[in-house]
Amino acid sequence: MHATDLGYTLLGPVRVLRGDASVPLSPQQQAVLAMLLGRRGRPVSTGELVDGIWGAAAPRRALSTLQTQIGELRRKLEPDRPPRTPARVLRSEHGGYLLKPADGSFDVALHEELVARADRSAADGDPRAARRQLDEALGLWHGQPLAGVPGPYAEGLRATLAESRLAALETRFGLDLALGAHAEAVPGLSVLVAEHPLREGLQAHLMLALYRSGRQAEALAVYADVRRLLADELGVEPGPALTELHLRVLHADPVLGHDAARAPAPRAAGPGQGRNTGAWLTGEPGRLPVPAQLPAPPADFTGRDESSTRLLAALDGDAPHVVLSAVSGIGGVGKTALALHTGHQVRGRYPDGQLHADLLGASAAPAEPSEVLARFLRALGAGPVPEGLEERAALYRSALAGRRVLVVLDNAADERQVAPLLPSTPGCAALVTSRTKLLSLPVRSIELDVFTQAEALELLGRMIGQERVEAEPDAAAELIAACGHLPLAVRIVGARLAQRPGWTIADLAGRLADERRRLDQLKVGDLAVEASFQLSYDQLTPELARVFRLLAVPEGPLVSVEKAAAVLDRAEHETLDMLEQLVDAGLLESHGARHYRCHDLLRLFARARSAQTETPAELDAALGRLVDYSLATVSGAYRLARPGCAVPHALARTKAAGTPFSSAAAGQEWVREEFDAVLSVLRRAAERPGMPIGPAADLLLALDPFGESDFLWPRLNGPAAAIAQAAVERSDSPAQIRARYMLAGGLWQVGRVEDGAAEVRTALELSRATGDEAVLGQLLNVRALLEYDDPALALALLRESTAVHIRRGNLWGELESLNNTAGPLRELGRGDEALALLADALRRAEPLGWTVVRVYLQQGHARTLGALGRHEEALESYTEALEGCRAIGSEFLELMVELRTGITECELGGYAEAAAHLERSLAGARILGHEPLQAMALGALGRALTGLGRTERAEACALAAREIRVRLGLPVEQETKAAELAPGEPGEPGVFGEAVPEER
């Protein structure tokens, strides 16, 4: 299959044509094809493709999805290509993908070629040929361009192509008027004007067509309508060309004529003309001043490749329309630097000058548009400056007519300040920067984000010398992370280090490590991050300023509307309005439909202002509302994760409804994403003596299922210890019991068996003394796991645990204890009894669907079969357990079952299959940092490799397992046995609750 055999269309539905047949494409394949075609034979990187197809909402598996779609697209483009041969149509090149259509096969290229021919024909004095070529170009269109194609790139290209069609239509109607077809042009122009009422060139065509058709009153009515519309929509008057045409129509100026022979028709500006649609009326401009007001660009400008490329493409001096672009973002993100850098790059496109003004939009006294216009008019040599904003704006637009000028408006306050300063004729462009989004203006917007790590390191290297950065790479990464990758902050630390060559990067990174002093350190000379933020903060109303301060209570970069509403104690619709106002003020960023992002340094700024303004009681109340919301949400996820469990009924009632979930998987995903933020809430509740500790202890307890399924115990143990200590200090026995229960299991999970035993004994004593049985069954279960070296004692504890759960109606807890009961029974030689117990428990667990407890029971069932020598049946049972792990999405549990499956394969002599399972378990354990699991996997892998005759690597595995066991303080003599034990069995730290792999 050759590229010449295929045709491509974007001027309507995206299609690939093979002869007369259309190749079926999915929407994502259409989006990929549109980007490749839009780049005109230049490679497109995978990162650009992901951004262009999904934008900020890219899913976690976007790259793999993209590669799948590209593979499918290749197969569709070249169905006859032999396997393992290079693609000839959609090729991989320079780390990306490239598709170069053959000449005449791409409708957009054909359209552009025909429009260019029409321009040449018109310039050569052949309007009939020009009109015929434009008709042919417009005939290539078949509806909305890229119809139905998703993604930001398609949206942008769709707008560009639509503008191209509109410009061609405008030119075609101009040719109609030049050829005397004014009456025939009226219906089509009327439709276009109705669709694009702000396009003055079309309005001029319609006015002239009506006038030449003897319909002077209707022509004047067109002007009255457009004048009223421009005033209402933009607060501006019509441009000088349309205004002059109105005067000539009003006075029936003979120069307009009533046929083509008496006067030329206005024509839309073509590429390179840079004139408004009425330049034929006003003549050539005379010799005028050429202002060059752009300040010098930053000498060490760094990165911003994508944003700069987008701006350069947008600032097209030959565009047949006014180019308006805006760059928004938080203070210190580098908007001005990007605007000046880009402005100097495009100076050659605007030979009639560059105007610049700092509009002081973030200050207490923003610049008055009238004063800025006066400066601009003097710079343009526009003669005496009139009084009044409207008169100055009208003269400004007239002064720009027929000229190609770039206007850079830096630090704009809002749309009202900017609107009078925007040019209105083709050939001119405006580039605006603002902390707010100028949503009501017809601008192409770029929201500037903070630096990538590579960009931040590059700027730091330019300021202090690359050799210093290379000498301390870890400290440099730590330093820019403390700066939140904010360009202003990186520039400040770079300047401080440049001024102090005796300092190491680590010295300054250490100074920024304390969050309470970080903003104080981020200042040098006239530059200060805090001062930049203060400008935006000072513009807020007192109510909105309080909202901004309290949003610093939650940790983490993202906050949902529900969480913010809880912290603020407001209704969600009120909260949403407040959050949007903060986005407009440049202090928050919208991150999807219901989430908002606050930069780390802005959150520290807000927290500092909150400490100065709110009382400790107010801050405690806000934190309490956050605990309440978090508890409501996590307990809802708990109920879905552990159906039939009675623990949620013992948790404190909440005022907030929390975020609801449609499935257990959705709840688990929320906890994964918010886990660090929830841990921060727990730590802060423990630190503040005025906070009730009970709700925080309940929130800790509600995390139990997720510590288990995702092995989160190393991160949970610290907050659990802090909550336990706070509960002691605040004399809250129920909170202490819950916290010590979580801590006991978590310490056991990470191999600290003795420490865990001490915690569970204290919690059990307190539970029995107070009669608080909320987690009594779980405590007995953990105590039994810690006593597995004494099977009889463990069995007695588990029997008691089961009885407690039955009494409390806790089916989940009962099944959990029954699963763990099988271990001591096996140790006591009662394997058949254990197998019967597990089979019955599995039958009772099956109606719950695949859950963690059912996976545990299935794994225990398989392990018991193996202990009875029924290894083939055990392997079948482990296969079912693996299916369950994947169904519930627990990678950690899957690693444990992979381990047990590998051990069973060894028993059956399937050493190659065993090694594959054990390698997967070992690799996953290393990613998790779960050293006990690594030791078990290494020991078992050594046995499998020995069976395969790979003795050298087998010995290396055995040595590595021994080193881990020595480091963890585990008995080395149990090394061989360890490979045969499941987590939770004697000699091995295991899975809290049900011998399930998780960290506490």
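This briefing goes through strands, aromatic rings, charged pairs and one arginine in turn. Please keep in mind that the model is predicted. A search of the whole structure finds seven aromatic pairs, and the structure also holds 50 salt bridges.

- Let us begin with strand β6, which spans residues 96-99 and is covered on both faces.
- On one side of β6 sit Gly96 and Leu98, on the other Tyr97 and Leu99, and all of these are buried.
- Strand β5 (residues 90-93) runs antiparallel to β6, and four bridges join them. Within this pairing, Arg91 has Leu98 as its bridge partner in β6.
- Strand β4 (residues 44-45) also pairs with β6 in the antiparallel sense, over two bridges. Here Ser45 finds its bridge partner in Gly96.

**A cluster of aromatic rings**

- Phe533, Tyr537, Phe548 and Phe605 are linked into a cluster by ring pairs.
- Tyr537 and Phe605 form an edge-to-face pair, because their planes stand at 80° with the ring centres 5.6 Å apart. Tyr537 belongs to helix α23 (residues 529-537) and Phe605 to helix α27 (residues 600-613), so this pair ties together parts that are 68 residues apart in sequence.
- Phe548 and Phe605 make a tilted pair, with 6.3 Å from centre to centre and 45° between the planes. Phe548 is in helix α24 (residues 542-550) and Phe605 in helix α27, 57 residues apart, and the pair links these distant parts of the chain.

**Charges over rings**

- Arg165 lies over the face of Trp141, 5.9 Å from the ring centre.
- Arg500 has its charged end over the ring of Trp503, at 5.0 Å from the centre.

**Salt bridges**

- Side chains of opposite charge can pair when their charged atoms come close.
- Arg39 and Glu48 meet through their side chains in a salt bridge of 3.3 Å, N to O. Glu48 counts as partly exposed, at 34% relative accessibility.
- Glu562 and Arg594 form another salt bridge, with 3.4 Å between the closest N and O atoms. Arg594 is in the loop between β15 (589-590) and β16 (595-597), while Glu562 is in helix α25 (residues 561-568), so the pair ties together parts 32 residues apart in sequence.
- Arg594 is partly exposed at 31% relative accessibility, whereas Glu562 counts as buried at 18%.
- Glu773 and Arg807 also meet in a salt bridge, at 2.8 Å from N to O. This pair links distant parts of the chain, with Glu773 in the loop between α34 (753-770) and α35 (776-786) and Arg807 in helix α36 (residues 791-807), 34 residues apart.
- Glu773 is partly exposed, with a relative accessible area of 26%, and Arg807 is exposed, with 52%.
- Arg131, Asp135, Arg172 and Asp176 are linked in a network of salt bridges.

**A closer look at Arg672**

- Arg672 is found in helix α29 (residues 664-687) and is partly exposed, at 34% relative accessible area.
- Which residues does Arg672 contact, leaving aside its neighbours within four places in sequence? They are Asp710 and Gly889.
- Asp710 is 38 residues from Arg672 in sequence, and the two are 8.5 Å apart in space, C-alpha to C-alpha.
- The backbone oxygen of Gly889 is reached by the side chain of Arg672 at 2.8 Å.

Definitions and conventions: Residues numbered from 1 in each chain as written. Predicted model: local features only at pLDDT ≥ 70, side-chain atom pairs only at ≥ 80, totals over all residues. Heavy atoms only, no water. Buried < 20%, exposed > 50% of the residue type's maximum accessible area, 1.4 Å probe, protein only. Pairing = 2+ DSSP bridges. Contact = heavy atoms within 4.5 Å. Polar contact = N/O pair within 3.5 Å; in protein donor to acceptor, adjacent residues only side chain to side chain. Phe/Tyr/Trp six-rings, centres within 6.5 Å; stacked < 30°, edge-to-face > 60°. Lys NZ or Arg CZ within 6 Å of the ring centre and 35° of its normal. Salt bridge = Lys/Arg side-chain N within 4 Å of Asp/Glu carboxyl O.
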